[in-house]
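Please take a look at the structure shown here.

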Amino acid sequence: MAAVTRLVILGSTGSIGRAALEVASALGDVEVIGLAARRGGEELAVQAQRWRPRAVAIEDTAAAERLRGILPPGVRLLIGPDAATELAALPEADMVLVAVVGVAGLRPTLAALDAGHDVALANKEALVAGGHLVKAARERTGARLLPVDSEHSAVFQCLAGEDPAAVRRLILTASGGPFLRRPVAELGTVTVEETLAHPTWTMGRKVTVDSATLMNKGLEIIEAYWLFEVPQNHIEVVIHPQSLVHSMVEFVDGSTIAQVARPDMRGPIQHALSRGRRRPGLVAPMEWDHLALTFERPEPERFPALALAREALRLGGTAPVVLNAANEVAVERFLSGAICFTGIAATVAEVLARHEPRPALTIEAVLETDAWARARASETIQPTG
């Protein structure tokens with residue numbers, strides 16, 4: 001029997017965190033020793049009662065006070081903005097699942113890698129904003145980075161045992177989101193509710209909006225660049241509305257290997273927690289009868305975020321930090337009704353155009369740029385109507 005994996009989950013009350021706990025329960029050889037959330041103390045307490053971790057971390061101080069009185073005896077409570085980072089470096093951990101949203105995932109990712117822990121990464125922004133830093137931390141300690149995003153998990157699986165020099169290109173698939181067939185002229189008037197009604201995946205609100213704009217795929221191009229060290233012109237995106245082929249790798253001999261499964265995040269989570277080992281899991285098998293798979297190129301005018309992401313990667317340095325931060329602000333303002341759907345990409349484009357990239361070789365440079373971009377995005381945004 002394999003050794004028990006002692007796991008820390010950052011973002012345990014989010015959709016990925018909850019799914020990870022389901023997977024951990026099903027696998028039976030995972031000991032959850034740390035749980036972290038920004039808020040949601042009651043749910044965190046329920047999870048702590050079930051899993052009896054060694055420590056829990058929560059950012060919200062008011063929620064922490066409520067949590068303090070209902071945690072099981074012996075569970076250490078970490079509080080504040082650095083609590084998740086402290087938890088990520090817990091010496092007893094073998095693996096840290098980073099499932100927090102946004103650039104907030106960068107510090108804990110670096111802390112886990114610096115402590116020598118393998119990282120199951122469900123956070124795109126850590127690599128988008130801090131790719132150089134994450135790469136350096138991996139090289140210092142030899143810790144592994146195991147992708148949880150379905151597309152990167154798929155590429156990771158397709159590359160297993162293959163010669164990297166034989167790769168011609170990576171092909172990331174995108175569902176196209178809820179507005180794939182909506183006339184482009186109508187995109188300025190779509191509602192938040194329509195945007196959050198994703199046709200195939202169940203995800204958090206921010207990621208679901210990114211899926212509708214295809215910014216998620218832009219961020220994933222940058223993520224793939226750092227994860228697999230492939231030039232950006234060898235990373236392509238195709239629309240695949242069925243969301244069954246999660247990505248593909250094309251090789252120099254003309255062969256293509258694809259990873260196919262139902263759209264269920266428990267699959268890539270299990271693959272990461274099992275460090276690539278194939279085991280019985282929770283994902284139902286495919287039904288191949290009458291299956292129709294279609295692929296098409298994304299329309300640039302419908303998905304301008306894709307070109308913005310490629311331009312940020314081409315500029316390099318702090319440009320991807322700006323892309324990500326401006327997008328986070330714009331998505332938040334869209335969800336609150338302050339801007340229209342097409343205002344998201346327009347905001348990102350304007351902030352990116354005002355930025356002069358510099359090297360992103362320290363966390364201070366990354367976070368200063370992140371703050372600059374958030375401020376510029378807030379200035380740029382004009383309320384709808």
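## Ground rules

This is a predicted model: local features need pLDDT of at least 70, side-chain atom pairs count only at pLDDT 80 or more, and totals for chains, interfaces and linings use all residues. Residues are numbered from 1 along each chain as its sequence is written, and side-chain values use heavy atoms, with hydrogens and water left out.

Helices (H or I, at least four residues) and strands (E, at least two) are DSSP runs, numbered from the N terminus.

## The seven-stranded sheet

Seven strands make an open sheet. Their order is β4-β3-β2-β1-β5-β6-β7, and the pairing is parallel. Two strands count as paired if DSSP finds at least two bridges between them. β4 and β7 (145–147) are the edge strands, each pairing on one side only. From one strand to the next, the twist averages 20°. Axes here are lines fitted to C-alpha atoms, for helices over the stretch in contact; angles run from 0 to 180 degrees between N-to-C directions.

Strand β6 (residues 118–121) pairs with β7 in the parallel sense, over three bridges. Val119 has Leu145 in β7 as its bridge partner. Helix α2 (residues 41–51) lies across β2 (30–37) and β3 (55–58), at about 165° to β2. Helix α5 lies across β1 (5–10), β5 (95–98) and β6, at about 150° to β6.

## The four-stranded sheet

An open sheet of four strands runs in the order β9-β8-β10-β11. Its pairing is mixed. The edges are β9 (235–239) and β11 (256–260), each pairing on one side only. The twist averages 20° from one strand to the next.

Strand β10 (residues 245–251) pairs with β11 in the antiparallel sense, over five bridges. Ser247 stands opposite Gln259 in β11. Helix α7 (residues 150–158) lies across β8, β10 and β11, and runs at about 40° to β10.

Pro108 sits in helix α5 (residues 106–114). Its relative accessibility is 3%, so Pro108 counts as buried. The term buried means under 20% relative accessible area, with exposed over 50% and partly exposed in between (1.4 Å probe, protein chains only). Not counting residues up to four places away in sequence, Pro108 touches Leu10, Ala84, Thr85 and Ala88. Contact means heavy atoms within 4.5 Å. Leu97 is eleven residues from Pro108 in sequence, and their C-alpha atoms are 9.9 Å apart.

Gly80 lies in the loop between β4 (76–79) and α4 (83–88). It is buried too, with a relative accessible area of 8%. Leaving aside neighbours within four places in sequence, Gly80 is in contact with Ile58 and Glu59. Ser336 is 256 residues from Gly80 along the chain, with 25 Å between their C-alpha atoms.

## Aromatic rings

How many aromatic pairs are there? The count comes to three. Rings of Phe, Tyr and Trp (its six-membered ring) pair if their centres lie within 6.5 Å; planes under 30 degrees apart count as stacked, over 60 as edge-to-face and the rest as tilted. Phe179 and Phe341 form an edge-to-face pair, 5.2 Å centre to centre with 75° between the planes. This pair links distant parts of the chain, 162 residues apart. Phe179 is in the loop between β8 (167–174) and α8 (192–196), and Phe341 is in the loop between α13 (319–335) and α14 (342–353).

Phe334 and Phe341 have ring centres 5.8 Å apart and planes at 70°, so this pair is edge-to-face. Ring pairs link Phe179, Phe334 and Phe341 into a cluster. Phe179 is buried at 2%, Phe334 is buried at 2%, and Phe341 is buried at 5%.

## Arg302

Arg302 is in the loop between α11 (266–273) and α12 (304–315). At 9% relative accessibility, Arg302 counts as buried. Its side chain reaches the backbone oxygen of Phe179 at 2.7 Å. The Arg302 side chain also makes a polar contact with the side chain of Glu299, at 2.9 Å. A polar contact is a pair of N or O atoms within 3.5 Å; within protein, one must be able to donate a hydrogen and the other to accept it, and residues adjacent in sequence count only if both atoms are side-chain atoms.

Beyond neighbours within four places in sequence, the contacts of Arg302 include Phe179, Leu180 and Arg181.
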